[in-house]
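Student: Please take a close look at a single part of this model, the contact between its chains, and then connect it to some local features. I would like each term to come with its cut-offs.

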Amino acid sequence: MTVEIRSAPHIKDDAGVVKIMRNVVWSLLPICGFYVWQYGVSALASLVVVTCACLAAEEFFLRLGRQSGDLGDWSATITGLLLALTLPPGFPLWMGAMAGFVAIGLGKAIFGGIGHNLFNPALVGRGFAQAAFPTAIATYTPSFLPDRFTDFIPSSLALPFMTPADTASWVAGLNIDGVSGATPLARWKFEGVIASNWDLLTSLSGHLPVGPSPLLILACGLYLAYRGYLDWRIPVAVLGSAALLAAALYPLNPQHFPDPGFVLFSGGLMLGAVYMATDMVTSPVTPLGMWLYGALIGALTVIIRYSGGLPEGVMYAILIGNAATPMIERITQPKAFGTEPTKETRA
Amino acid sequence: MSESSPLLAPPSTWEEFTEGLWKRNPVFVMVLGMCPTLAVTVSAVNSLSMGVATTFVLAASCFLVSALRKLIPKEVRIATYIVIIATFVTVTDYAIQAISLDLYEALGAYIQLIVANCLVLGRAEAHAARNPPLAATMNAIGMGLGFTLSLVMIGGVREILGAGAFFGFSLFGPNFQPWVVMVLPPGGFFVMAGWLLLFSIVRRRAQMRAQENERARAAAETSGACHGA
């Protein structure tokens, strides 16, 4: 038997940017597949167009200047897939391409490429789309429509710079019972109707206009956490603080405030907590910092949802969390052992 | 700045005039007068009128400051400049009110605020107070045109994307989808930053090319004397 003596650091795995990013893309594939199954060709076109726009923007900015990274590191692919998953399935493709370009250009390239960005690029793209096209980004259509694999949602195919077709009348023309374009969060916010937790968790029942199933996202996130490619503390802190705050507010006014389950499983909280808040570049590296960061995002999400003008607040919560990351890291720096005088030495 | 140094020949009137258009463009190079630049550039017409108003104030004030530069005591020069500038701002204010009330309402307080535009005071202090009236006026007109051009460049992009029109003429027809963000304050910052980026890229490329030419010429000159530079 041979004993090999090596000095620290003891690196047991060859995990690097490319390997981690590739694994994140793989873990996103089931979620994207489910999304295509829910919404058909429109969702597929949206995923493809937005991701291609991100890759094209990445290539453009890599050629333009001294950026770090390259097209093969999969990071732009992740940005594109995540961005497409946060947009409505019938989001006009030209707007999606625009959002993808802005995501890479304004969210990443302008700071110097991969590893230098302050904010999650996908959310920068979505934030721009939200500010530029507030109507289109709030227009959802029902999932599991019978003709979804053959017919596009009419708004998808809007010509560049043109207003998308009206989906409300298209949905009404389909004559399907119990179908409405309002998301569960919008129905809660504006109509006071709270969807059942199980429906939200699976995204399967009826024609709910929601994103991929939170259960599936959680499962894919567990795989990544198991492989060590995302830190479990951040999603746990985000979901935990959102659930705690919701549970604390729920007894005060059950008519007005939804139960914690609704808060966790509706909107984009699960996707945000598992895939966006955990972005390694824009989240803190210290364990205590991760808890603080996650708790901040969860609490902000609940506050924005409950008292903001828009029904959804995950995007802004994560962007604010990203902005707070440098400060969180500064106050949670671990002290090297021996550098602080102890009681004994001070005396 | 451009005060006459004994070592350098004073710039020609043409150089004075073109300085503000490119080399020292007030918005994209000196980054002065940001308040109107971001606030009134929602449309090309607003930008153009703001630019013309500022150009008038700038040229007239710089002429007067330059003509009076030997009479104005150093200790009270800023107050004197402000009185001169404020006079012309008041003239502009009433003139725009008389010409078009709609425009006056669209530009709002930003007409009066030309008095606080650091471009005007900056030119009076840095250039007009040290140069004869012709040079000062030409420089001020050039700066004003550079300012106007920059404002129209920002306002044009914001109007095209935010309203689908340019100087009020519809470009995309009635089905145009406006980009709401472009007529909001963030749009001003985005477009402004985009142009700044483009300007600095072009300038850096030009500088690098000039350096390379310099090096090539130096190499060509020394290659006769020594081998393999």
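Tutor: Helices (H or I, at least four residues) and strands (E, at least two) are DSSP runs, numbered from the N terminus. This is a predicted model, in which local features need pLDDT of at least 70 and side-chain atom pairs count only at pLDDT 80 or more, while totals for chains, interfaces and linings use all residues, and side-chain values use heavy atoms, with hydrogens and water left out. Residues are numbered from 1 along each chain as its sequence is written, with chains lettered from A and ligands numbered from 1 in the order of writing.

The contact, meaning heavy atoms within 4.5 Å, draws 15 residues from chain A and 14 residues from chain B. Between chain A and chain B about 1,300 Å² is buried, with carbon and sulfur atoms giving 71% of that area; buried area here is the accessible area (1.4 Å probe) that two parts lose on being put together, summed over both. Of the area that chain A buries against chain B, 36% comes from Phe128(A), Phe161(A) and Met162(A), more than from any other three residues. The count of salt bridges between chain A and chain B is 0, taking a salt bridge as a side-chain nitrogen of Lys or Arg within 4 Å of a carboxyl oxygen of Asp or Glu. Polar contacts (pairs of N or O atoms within 3.5 Å; within protein, one able to donate a hydrogen and the other to accept it, with residues adjacent in sequence counting only if both atoms are side-chain atoms) link 5 residue pairs across the interface of chain A and chain B, both residues being at pLDDT 80 or more.

On the side of chain A that touches chain B, the elements giving two or more residues are α4 (93-107) and α5 (121-132) of chain A, and α4(A) gives the most, with 4 residues. By class, this side of chain A has 13 nonpolar, 1 polar and 1 charged residues, where Ala, Val, Leu, Ile, Met, Phe, Trp, Tyr, Cys and Pro count as nonpolar, Asp, Glu, Lys and Arg as charged, and the others, Gly among them, as polar.

The local features rest on relative accessible area: buried means under 20%, exposed over 50% and partly exposed in between (1.4 Å probe, protein chains only). Phe144(A), in the loop between α6 (134-137) and α7 (167-173) of chain A, has a positive phi near 55° although it is a residue other than glycine, and because its relative accessibility is 13%, Phe144(A) counts as buried.

Pro11(B) lies in the segment before α1 (13-19) of chain B and is partly exposed because its relative accessibility is 33%. Although 125 residues separate Pro11(B) from Ala136(B) in sequence, their C-alpha atoms are 11 Å apart in space.

Returning to chain A, Thr286(A) belongs to the loop between α13 (269-276) and α14 of chain A and is buried, since its relative accessible area is 8%. Apart from neighbours within four places in sequence, Thr286(A) is in contact with Thr332(A) and Pro334(A).
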